[in-house]
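Please look over the model below before reading on. The report that follows takes up surface, interface and salt bridges in turn.

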Amino acid sequence: MPSLAPAGDYRSSYREDMTIFLTRNSRIGLLIGIVLVACAPLALGRYELGLLINIGFLGIAALGLNILVGFTGQISIGHAAFFGFGAFMSAWLHERWHIPVVFCIPLAGIATALIGLVFGAPAARLKGLYLAIATLAAQFILEDFFARAQWFTGGVAGRITEPFELFGWRADREESYLYVVLAAVIVMYAFAANLMRTRDGRALVAVRDHYLSAEVMGVNLAYYRTLSFGIASFYAGVGGALYAHYLLFVSVEAFNILFSIQFLGMVIIGGLGSIMGSLMGAAFMVLLPEVVQVGADALAGGAIDRALKLGSSISFLREMAVGLAIILFLIFEPNGIVHRWQLIKAYWKLYPYSH
Amino acid sequence: MDWSLLLQLTLNGLIVGALYGVVAMSFVLIYKASQVVNFAQGEFLLVGAWVCWWMLTEWQLPFWAGFLFTLAFMTLFGIILQVVVLRPLIGEPVISVIMATIGLGIFFQALMKWIFGVFAKPFPPIFTTERINLLGLEVQTVYLLSLGISVLIMAGFAWFFTASKHGLAMRATAFDQQVAQSLGVSVPKVFAMSWAISAVVSAVAGVVVGVVNGVSSALSFYGIKVFPAVILGGLDSVVGAVLGGLIVGVLENWAQYLDANWLNWGNMYSIAPFYALILILLVKPYGLFGTKNIERV
């Protein structure tokens, strides 16, 4: 991707080059964004807050997948299975061992990371489409495990989970759980942004850009490929645990291959190899079905609605919209929303002399 | 041990496996010609079977006419997909191409559910189903027919690639695109043709399965069962695809037998191939007949 930094880029030290916020305004902008989300319960209803919470935990899991796909150049078609594993793990830890939910969530992340390392073992040797197929197998094997492991997942009946609680403060409503997810999003995104500035982060990017050169320069390929799989699973596990304590019920059927594909869609639509892009992609994927719903509602009762059976087949329309969005983004905007956003910023920065 | 049951299961496995082999072959065809891993292969079966079903029930066409229409439709379908979706992605990273075919897969699966509903619908009776006795085993004639069609398609492939001009052009393209181009092969045409042939062959398999089991979205699962088969056989080997398909077909039936008698895990029929897949990838990632990819800097 060509650099979009326009003229007037006066970075002269490595310290300045490594900074997360290029300008003071971007730092202020982010703070304003966080404050706006924190104030959201004042203005939004429960349904809209629920959407925000969805964007939050899906955004965490999508960030994990982006570290794997966008930064390391590996691929996983089994992300939803790891997300589900995190959800069940957190619920099981709380119920079986009575660990407070606050600790269950990170512990579920760690447990999922371990499982991810097991399935990521082939990742040390495989790449590209072979890895895609291996993770596809992982998806089906884990899905089968969920359906069978009664003690762990509650079988087909599913598992009921307890709400988040900290010093007597119960986050069992959208208004309060939003802050839990917001805090988790900030921590996880800050961790990822900083990870990418370390030696390990640069090694991951080197593996993606040219793994042979990376190996020649002393990057241990097997180690970093497996590590990136572990990190991705950790994020998926934390996202899944947050999901479990939000819905308060985890069902076995939720974590199917379509969900995995949606995660990949988030990463591609948001922008491969972009931290904030993961969040944008998650927001896009959460809001897309809503837009389809609004469109179907607008046509409801009319002749088109009767002819096409829109009302009764809304779930198929949503799936079609997901597939179509992925294809259209790949063809017309392969760098994702983040790239579009940078173009818009560059346009205003250079206005009116953009050429 | 119940030997006759085991034998019966093996035969069933071979019959289903031959269909897997056919689908795997058309998967390998696309991969060899255009280096695209087609995750929407199962949707080819689905679309083909639904189109044929629609022709036969809504339009009351005789089977041969509906079948020919389906083949013509799938030829166009394959070409249009290649030209509209896959051609703009030439030169993009593997991940983008994989994702595009996955996107196509969910799109068409949902579209078919929207148009035709979620329930399995039977084909109008085409052949009188009877059972015949083969070496002491009861076999439905439809199954024998499906086996016959599979073998016919495989023979057709063998002829196409060894004797026909287009088949040779395709092999030349698979070997080296630049050399093929300099020898006068139109590479874009070969790409489009490989998608068309793959779509048509998959649709034939889809119609066969539809005639036997009824048409439903479960058909697209064949596209996923293809992966164990092609990985076992080697991603770029047509012979390997057929053999891999047969092995997977037999394996899932044996796994079910093992499961029903001793393990009692349940669901082994559909999961065993994926365990096998992981094992193969760990031990011998290029499969039985695949080309080993040796990289030099």
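Predicted model: local features only at pLDDT ≥ 70, side-chain atom pairs only at ≥ 80, totals over all residues.

B:Leu243 belongs to a nonpolar patch on the surface, which is formed together with B:Val239, B:Ile247, B:Leu251, B:Leu288 and B:Phe289. Taken together, the residues of this patch have about 490 Å² of accessible area.

## The interface of chain A and chain B

The contact between the chains involves 46 residues of chain B and 45 residues of chain A. About 4,000 Å² is buried between chain B and chain A, and 81% of that area is on carbon and sulfur atoms.

On the side of chain B that touches chain A, the elements giving two or more residues are α3 (63-86), α4 (94-116), α9 (221-233) and α11 (268-283) of chain B. Of these, α4(B) gives the most, with 16 residues.

## A loop residue of chain B that touches chain A

B:Glu92 lies in the loop between α3 and α4 of chain B, and with a relative accessible area of 31% B:Glu92 is partly exposed. When residues up to four places away in sequence are not counted, B:Glu92 touches A:Pro334 as well as B:Val97. B:Glu92 and B:Gly48, which are 44 residues apart in sequence, are 29 Å apart in space, C-alpha to C-alpha.

## Salt bridges within the chains

Over all chains the structure holds seven salt bridges. One of the salt bridges joins the side chains of A:Asp144 and A:Arg148, at 2.6 Å from N to O. Both residues lie in helix α6 of chain A (residues 128-148), where they are four residues apart, about one turn of the helix. A:Asp144 is buried, with a relative accessible area of 4%, whereas A:Arg148 counts as partly exposed at 29% relative accessibility. Another salt bridge in chain A is formed by the side chains of A:Arg208 and A:Asp209, which meet at 2.9 Å, N to O; here A:Asp209 counts as exposed at 52% relative accessibility, and A:Arg208 counts as partly exposed at 34%.

In chain B, B:Glu252 forms a salt bridge with B:Lys225, with their closest N and O atoms 2.9 Å apart. Because B:Glu252 lies in helix α10 of chain B and B:Lys225 in helix α9 of chain B, this pair ties together parts that are 27 residues apart in sequence. Where do the two partners stand, buried or exposed? B:Glu252 counts as buried, at 0% relative accessibility, and B:Lys225 is buried too, with a relative accessible area of 3%. Both values are under 20%, which is why the two residues fall in the buried class.

Conventions. Residues numbered from 1 in each chain as written. Chains lettered and ligands numbered in written order. Heavy atoms only, no water. Patch = residues over 30% accessible without salt bridge, like charges linked within 9 Å, V, L, I, M, F, W, Y side chains within 5 Å. Areas by Shrake-Rupley, 256 points an atom, 1.4 Å probe, with all protein chains shown as cover. Salt bridge = Lys/Arg side-chain N within 4 Å of Asp/Glu carboxyl O. Contact = heavy atoms within 4.5 Å. Buried area = accessible area lost by both parts, 1.4 Å probe. Buried < 20%, exposed > 50% of the residue type's maximum accessible area, 1.4 Å probe, protein only.
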